[in-house]
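Good morning, colleagues. Please take a moment to look at the structure on the screen before I go through its surface and its sheet.

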Amino acid sequence: MSFVPGLGVLRHYDRSWLRGDVLAGVTVAAYMIPQSMAYAEVAGLPAVVGLWTLVGPLLVYAFFGPSRQLSVGPETTTALMTALAIGSMAGTGSVQEADLVTRATLGAILALATGAVCVVAYVARLGFLAGLLSRPVLIGYLAGVAVLMIVSQFGKVTGLQISGEGVGSEVISLLTHLDQANVPTLVLATFSVVTLFLAKRFAPRWPSPLLTILVAAAVVHFAGMGALGVRVVGEVPVGVPGVAIPDFTGVDWTKLLPAALGIAVVGFSSDALTGRAFAARRREHVDANQELLALGLCNISAGLTQGFPVSSSGSRAVLGDSMGSRTQLYSLVALGCLLATMFVLGPVLAAFPEATLGAVVIYAAVQLIDVHEFRRLARFRLAELVLALATTLAVVLSNVLIGIAIAVVLSLLDLVRRIANPGAAVLGYVPGLAGMHDITDFPQGEQVPGLVVFRYDSPLFFANAENFRRRALAAVDEAPGEIHWFLLNVEANTQLDLTAIDALEEVRRALEARGVVVALARVKQDTRDELARAGFLERLSGRAYPTLPTAVEAYVNWVAQTTGEYPAWAEGLPLPRNDSR
């Protein structure tokens with residue numbers, strides 16, 4: 001059942017899970033219906049398309065998804081990226097300027113292309129790429145997306161026509177024309193936002209987004225606020241969407257494929273991170289490659305049912321988990337609630353005010369700004385906080401697609417920085433502790449007289465070879481007293497390339513010229529084979545030892561042979577044999 005993990009879980013379903021799954025499904029449905037309609041609006045599509053986009057993915061992920069908690073469907077980041085991509089492919093630069101049919105068709109095409117990218121990545125077993133985006137980059141990226149989401153709702157919550165490209169110009173447009181805002185629309189949006197946050201604080205388990213929109217719709221209808229300029233969703237088609245392949249005629253593939261790739265990368269990264277977080281809490285495992293397949297199939301199903309690209313919603317996953325979800329049965333329950341709504345409650349959905357839908361998006365966007373995580377980064381390491389803030393600025397000041405590229409580059413640069421300048425230590429003995437330890441961590445630690453035991457905490461290759469050479473020689477220069485041996489602990493220095501071996505040779509030659517013998521300890525067989533093929537092992541004259549104690553013992557014996565007497569300082573050392581003399 002590894003290909004269809006959800007089916008395997010359902011076949012071994014524990015009835016004690018049913019209550020939690022049903023409660024979670026109903027609650028999540030109440031939240032996701034207005035949320036998905038709002039996200040469709042963000043994508044520049046009719047609100048009902050958000051509902052259509054849910055049908056296929058909810059069904060597909062319940063069977064193919066590896067996570068028991070994720071809720072797949074329209075999501076903030078993919079909705080905004082879809083809007084930008086559709087605007088670009090429509091050749092207008094603004095999604096509002098493209099006609100309705102064109103936007104809907106391009107949204108479905110983009111979903112199919114995104115699904116195809118994920119399936120190809122699954123076949124290529126690229127799930128390991130989930131680790132390319134570091135935690136600080138993802139935190140900063142989501143915060144940047146939240147800012148873009150909030151700015152994108154200015155028009156809906158004020159009734160203004162916001163102009164300009166980019167956050168700065170849109171904020172200026174809002175401030176310049178704020179005196180012309182539709183007051184009833186602004187009051188309704190403000191009331192909705194305040195209500196949502198109060199409900200989160202005092203009634204966290206209530207389906208507050210749906211209740212807020214229902215109350216707002218009733219107020220708009222009975223108070224006649226439509227005549228005051230408050231806009232509503234309008235007529236909503238009843239029933240499920242048909243299955244059809246959209247017309248690809250005239251599609252600009254040079255714009256489609258990069259957009260699909262960007263959405264696939266961001267969607268998969270979000271899914272993988274959220275899925276791992278929930279799985280870790282329950283000691284479960286999420287297969288990253290299976291997640292690629294599930295996400296691909298979900299997007300293909302969305303495209304075939306006239307939807308747009310999907311990913312997972314962290315807010316819905318958190319809500320479902322808080323209500324006791326245990327398996328993807330809760331997604332099937334949510335799907336049942338959705339279908340009932342689409343067949344019976346279409347007229348109610350038509351009365352939903354756009355101002356309140358915009359408020360729901362703003363409310364959801366604020367949840368993406370994880371202040372606690374920013375504080376945690378600041379406490380842990382300043383560099384991590386700077387990386388997160390830099391990613392946020394990159395997304396806000398450019399756009400989502402460019403922000404993705406910058407985020408990936410920042411992650412890779414951070415990785416290179418760590419590898420190129422890793423930790424290193426000079427080792428010694430600490431009274432009362434077995435083994436050898438970094439003497440800077442223990443003031444009472446002592447080096448073996450005349451011996452520098454050096455550890456370089458990274459695989460050794462071209463990116464850090466010069467850093468290694470410089471720090472290895474500095475360790476000898478800074479050592480107290482006269483140094484006779486330089487012992488390199490190579491346990492972490494795996495997968496050597498020729499540049500690294502050349503750096504080792506430079507260190508050996510430089511120290512040999514100063515009368516210092518070079519030796520290696522904790523040499524693994526693979527490392528030994530690499531050193532032998534390069535001829536370096538031969539130049540060590542056999543001084544490559546399997547453990548640190550045997551290497552230190554060899555040094556003690558060398559001192560004894562050189563001086564003609566066993567050194568007194570060696571009496572208390574934890575050597576392999578007590579009869580080392």
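Predicted model: local features only at pLDDT ≥ 70, side-chain atom pairs only at ≥ 80, totals over all residues.

Two elements, α10 (208-222) and α14 (329-344), each give two or more residues to the nonpolar patch.

Where is Val240 found? Val240 belongs to the loop between α10 and α11 (253-281). With a relative accessible area of 44%, Val240 counts as partly exposed, because that class lies between under 20% for buried and over 50% for exposed.

I now step back to the protein as a whole. The secondary structure comprises 24 helices and 8 strands. Along the principal axes, the C-alpha trace spans about 105 × 60 × 50 Å. Of the 581 residues, 52% are buried. The accessible surface comes to about 26000 Å², and carbon and sulfur atoms account for 62% of that surface. Among contacts between residues at least 6 apart in sequence, 78% join residues at least 24 apart.

Next, the sheet. In what order do the strands of the open sheet of 6 strands stand? The order is β4-β3-β5-β6-β7-β8, and the pairing is mixed. At the edges stand β4 (436-438) and β8 (544-545); each has a single partner strand, so one side of each is left without a neighbour in the sheet.

β3 pairs with β4 in the antiparallel sense over 3 bridges, and Gly428 has His437 in β4 as its bridge partner. The hairpin of these two strands has 6 residues between them, and there Gly432 takes a positive phi near 90°. On its other pairing, β3 runs antiparallel to β5, with 4 bridges joining the two; here Ala425 is partnered by Arg455 in β5. Is β3 mostly covered or mostly open? β3 is mostly covered, with 5 of its 6 residues buried.

Leu520 stands opposite Ala544 in β8.

Finally, which helix lies across the strands of this sheet? Helix α24 (residues 548-563) lies across β3 (424-429), β4, β5 (451-456), β6 (485-489), β7 and β8. The direction of α24 is at about 170° to β6.

Thank you for your attention.

Conventions. Residues numbered from 1 in each chain as written. Heavy atoms only, no water. Pairing = 2+ DSSP bridges. Contact = heavy atoms within 4.5 Å. Axes fitted to C-alpha atoms, helices over the stretch in contact; angles between N-to-C directions. Buried < 20%, exposed > 50% of the residue type's maximum accessible area, 1.4 Å probe, protein only. Areas by Shrake-Rupley, 256 points an atom, 1.4 Å probe, with all protein chains shown as cover.
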